[in-house]
Amino acid sequence: MRIVGGKFAGRDLMSPADARVRPTAELVRAGLLEMLTADVKNARVLDLFAGTGALGLEALSRGAHSADFVEFRPASLHALRANIATLRMLKRTRVFKRDAIPFAAALKPDSYDIAFADPPYGSRMLDMVLESWRAGRFARVLAIEHASTHDVPVGSNRRVFDETVVTIYRL
């Protein structure tokens, strides 16, 4: 797995040795960041269910100002911290060892410009994040990655990548 675009394009990212982790595919990341091109420059980014941090790091590579990562699994945290260090992004990132659901629910309105949410497919965690976003509007843009079988409300933009779908919501 590697960074697809921006100043870190081509740089490899570490993945955890954990079968439960499903990093966002390069094609999906590239498509998602293309959909957000106008939003990324100087953005404050939140990467919920961060895993390897690929989404937030891709945004930093393309000009985001900062990225906060929320993850609690030890193997994912190890890979995430290693990826941040490899790209020398320690000063522009924060890592929160927390559960993403209550973290998102506690955020104040406009805490971030862009929030990414990529929870495990087939779980209801995505619905809980959407509910928190609708209630608190913690980011101007919410970009979610989900299985094509997961029924979500209509967003402002949607793109299908085989069995993976990216849906974007805007204030």
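A salt bridge here is a side-chain nitrogen of Lys or Arg within 4 Å of a carboxyl oxygen of Asp or Glu. Please keep in mind that the model is predicted.

1. Searching the whole structure gives 10 salt bridges. One of them pairs Glu26 with Arg2, whose closest N and O atoms are 3.2 Å apart. Because Glu26 sits in helix H1 (residues 26–35) and Arg2 in the segment before H1, this contact ties together parts that are 24 residues apart in sequence. Glu26 is partly exposed, at 26% relative accessible area, and Arg2 is also partly exposed, at 34%.

2. Next comes the salt bridge between Arg170 and Asp39, with an N to O distance of 2.9 Å. It links distant parts of the chain, 131 residues apart: Arg170 belongs to strand S7 (residues 164–170) and Asp39 to helix H2 (residues 37–40). Are the two partners buried or exposed? Arg170 is partly exposed, with a relative accessible area of 36%, whereas Asp39 is buried, at 11%.

3. Asp113 and Arg44 form another salt bridge, at 3.1 Å from N to O. Here the partners lie in two strands, Asp113 in S4 (residues 112–117) and Arg44 in S1 (residues 44–48), 69 residues apart. Asp113 is buried, with a relative accessible area of 12%, while Arg44 is partly exposed, at 33%.

4. Which residues do shared partners join into one network? Asp39, Arg44, Asp113, Arg140 and Arg170 are connected in this way through their salt bridges.

Methods
Residues numbered from 1 in each chain as written. Predicted model: local features only at pLDDT ≥ 70, side-chain atom pairs only at ≥ 80, totals over all residues. Heavy atoms only, no water. Helix = DSSP H or I, 4+ residues; strand = E, 2+ residues; numbered from the N terminus. Buried < 20%, exposed > 50% of the residue type's maximum accessible area, 1.4 Å probe, protein only.
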